[in-house]
2 protein chains.
Amino acid sequence: MTLNELFQQIKKKKSFLCVGLDVDIHKLPSALSPNPSSIFEFSKQIIDAVAPYSVAIKPNLAFFEVYGSQGWGLLEKLMDYINVQYPELFTIADAKRGDIGTSSEKYAQAFFKHLKFNAVTVSPYMGQDSVEPFLMYPDKHVILLSLTSNPGSQDFQIQSDNEKNLFERVIQKSQNWSYSEKLWYVVGATQSFHLKQIRQLVPHSYLLVPGIGAQGGHLSEVVEYGFNEQCGLIVNASRSIIYSSKGVDFAHAAAKRARSLQFEMEGFLKKYELIE
Amino acid sequence: MTLNELFQQIKKKKSFLCVGLDVDIHKLPSALSPNPSSIFEFSKQIIDAVAPYSVAIKPNLAFFEVYGSQGWGLLEKLMDYINVQYPELFTIADAKRGDIGTSSEKYAQAFFKHLKFNAVTVSPYMGQDSVEPFLMYPDKHVILLSLTSNPGSQDFQIQSDNEKNLFERVIQKSQNWSYSEKLWYVVGATQSFHLKQIRQLVPHSYLLVPGIGAQGGHLSEVVEYGFNEQCGLIVNASRSIIYSSKGVDFAHAAAKRARSLQFEMEGFLKKYELIE
């Protein structure tokens with residue numbers, strides 16, 4: 001999917017919402033049995049429910065991988081379902097991979113060719129040759145960790161005793177790599193203080209913003225500092241949507257929560273004149 | 001496996017060699033058909049051949065994951081084989097994972113409980129709460145990326161215009177985390193200039209050293225700067241061992257190459273009086 005096609009979806013659905021699938025079998029609705037195979041059924045019902053209000057879906061690899069080949073099989077089944085039923089949804093593998101070139105080539109194949117994701121999250125720690133193999137795929141996108149939403153983001157990403165923070169170096173250096181137009185950046189919603197600065201560094205790049213909801217970030221600040229002329233933001237909510245209810249109404253409750261976020265987003269898209 | 005048990009193995013086998021399984025089906029010996037299922041057969045024969053000369057085995061996740069659930073199934077089969085046949089081998093999942101706490105918990109379960117690895121490589125980019133869930137497992141080990149062997153290590157890990165390099169910060173900060181006695185560090189064999197300094201920062205920690213052989217690092221420099229009183233080094237070779245021959249003698253050729261490295265290692269262990 002191209003960025004222009006994504007922007008068309010944003011305007012059509014009046015939403016820049018991504019729903020994160022961090023499916024923990026111990027948090028499933030009581031109607032579903034707490035075993036791995038319920039992950040597919042739960043995810044399918046959540047996607048069916050939130051699809052009208054969201055433009056992106058982000059399965060979290062950790063929650064599949066914990067069940068080994070069985071978990072990976074469930075992810076394959078889920079990606080087949082999404083790609084057939086909802087080809088308009090932008091799919092993000094939240095995998096945070098990154099290794100020397102020959103290994104990153106294999107990871108890129110796994111997520112772009114085998115699972116047919118539109119994008120994958122990648123860790124920048126190992127530098128240019130660890131990221132470039134992901135950038136070789138036409139119309140695929142690479143979302144580089146930059147300034148994350150967790151407490152540990154303070155440990156290395158922000159370095160108060162240096163002139164330049166690591167997250168700034170990551171953004172600036174990576175913009176000089178081949179095919180850097182395919183790069184997005186992860187910027188936590190809890191980091192709005194730095195978001196303005198990041199938007200100045202990469203005025204045209206899309207940003208994936210986690211941390212709304214359960215982690216405490218505020219949408220109003222995110223859009224104030226993060227919007228660009230093509231929206232430029234995909235805001236993720238995971239637990240606050242998918243675990244809206246433990247009852248039989250779980251899919252309905254998730255839809256309601258997604259719709260409420262979509263409604264809020266529609267207001268901001270209008271306010272900033274990105275839609276009429 | 002405890003560090004003491006590992007050191008006993010090192011003394012018994014007179015070797016601190018790790019064999020990396022980066023099994024690319026396009027590089028298999030002509031006798032094996034180039035399809036994913038050959039990965040198990042090839043790996044099994046390589047392990048049988050090199051086990052007398054090596055103390056550790058390091059499957060590279062990327063090379064399994066590229067085949068999705070099928071690849072993960074092959075890794076499960078391989079780990080069952082190693083854990084039953086060679087319980088004395090120290091097993092390292094070269095996975096380079098790392099995510100917010102709730103996700104890292106799942107990754108830790110995947111590698112330590114489901115696949116029963118002794119250790120896993122982890123990326124430090126997201127900080128303390130992304131690494132600590134891996135440190136909660138008794139007698140398991142967490143190998144943090146510090147200064148890697150690839151060209152991209154120059155991009156962020158080494159920052160010439162700052163007082164302190166990122167890899168030093170990673171080592172120093174992580175030493176203050178809970179259960180830091182379980183932390184190892186990845187230090188590329190191509191980085192011997194910095195190895196001496198790293199050994200001063202963490203005199204007692206084990207270091208995983210890739211980059212011998214195909215990537216150009218020298219064993220003599222690695223041991224000179226890296227040895228400690230418990231050896232403290234596991235040196236990895238992957239391609240230079242496992243692809244020693246394309247012929248029917250591939251396992252024999254791998255054994256010969258591993259034996260030659262073991263012989264060199266035995267010399268250094270004696271020279272530095274770690275064995276008699």
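Predicted model: local features only at pLDDT ≥ 70, side-chain atom pairs only at ≥ 80, totals over all residues.
Visitor: Which residues make the contact?
Guide: From α7(B), B:Phe167, B:Glu168, B:Ile171 and B:Gln172 take part; α8(B) supplies B:His194, B:Gln197, B:Ile198 and B:Leu201.

Visitor: And by class?
Guide: The contact of α7(B) with α8(B) has four nonpolar, three polar and one charged residues.

Visitor: Moving on. How do α2 and α4 of chain B pack?
Guide: Helix α2 (residues 38-50) and helix α4 (residues 68-85) of chain B pack at about 25°, with axes 10 Å apart. That angle makes α2(B) roughly parallel to α4(B).

Visitor: Left-handed or right-handed crossing?
Guide: Right-handed, for α2(B) passing α4(B).

Visitor: What meets what there?
Guide: On the α2(B) side there are B:Ile39, B:Phe40, B:Ser43, B:Lys44, B:Ile47 and B:Asp48. They meet B:Leu74, B:Lys77, B:Leu78, B:Tyr81 and B:Ile82 of α4(B). By class, the residues of this contact are seven nonpolar, one polar and three charged.

Visitor: Which strands does α2(B) lie across?
Guide: β1 (17-21) and β2 (56-59) of chain B, with α2(B) running at about 170° to β1(B).

Visitor: What do the strands of chain B form?
Guide: A closed barrel of eight strands, running from β1 through to β8 in chain B with parallel pairing. The twist from one strand to the next averages 30°.

Visitor: How many bridges are there between β5 and β6 of chain B?
Guide: Five, in the parallel sense, between β5(B) (residues 141-147) and β6(B) (residues 183-187). In this pair, B:Ile143 stands opposite B:Trp184 in β6(B).

Visitor: Over to chain A. What runs β1 to β8 there?
Guide: A closed barrel of eight strands, with parallel pairing. Its twist averages 30° from one strand to the next.

Visitor: How do β1 and β8 of chain A pair?
Guide: β1(A) (residues 17-21) and β8(A) (residues 233-237) pair in the parallel sense over three bridges. A:Cys18 stands opposite A:Asn236 in β8(A).

Visitor: Where does α4 of chain A sit?
Guide: Helix α4 (residues 68-85) of chain A lies across β1, β2 (56-59) and β3 (90-97) of chain A, at about 155° to β3(A). Helix α5 (residues 101-114) of chain A packs on the sheet too, touching β3, β4 (119-122) and β5 (141-147) of chain A. The direction of α5(A) makes about 155° with that of β3(A).

Visitor: What rotation superposes chain B on chain A?
Guide: One of 180°, with 0.0 Å of shift along its axis and an RMSD of 0.0 Å. The two copies are therefore related as by a two-fold rotation axis.

Visitor: Which C-alpha of chain B is nearest the axis?
Guide: That of B:Ser69, 2.3 Å from the axis.

Visitor: Why say the copies meet through the same surface?
Guide: Because 100% of the interface residues of chain B are also interface residues in chain A.

Methods:
Residues numbered from 1 in each chain as written. Chains lettered and ligands numbered in written order. Heavy atoms only, no water. Axes fitted to C-alpha atoms, helices over the stretch in contact; angles between N-to-C directions. Helix = DSSP H or I, 4+ residues; strand = E, 2+ residues; numbered from the N terminus. Parallel < 35°, antiparallel > 145°, perpendicular 65-115°, else oblique. Left-handed = near helix turned anticlockwise from the far one by under 90°. Contact = heavy atoms within 4.5 Å. Nonpolar A, V, L, I, M, F, W, Y, C, P; charged D, E, K, R; others polar. Least-squares fit on C-alpha atoms with pLDDT ≥ 70 in both. Pairing = 2+ DSSP bridges.
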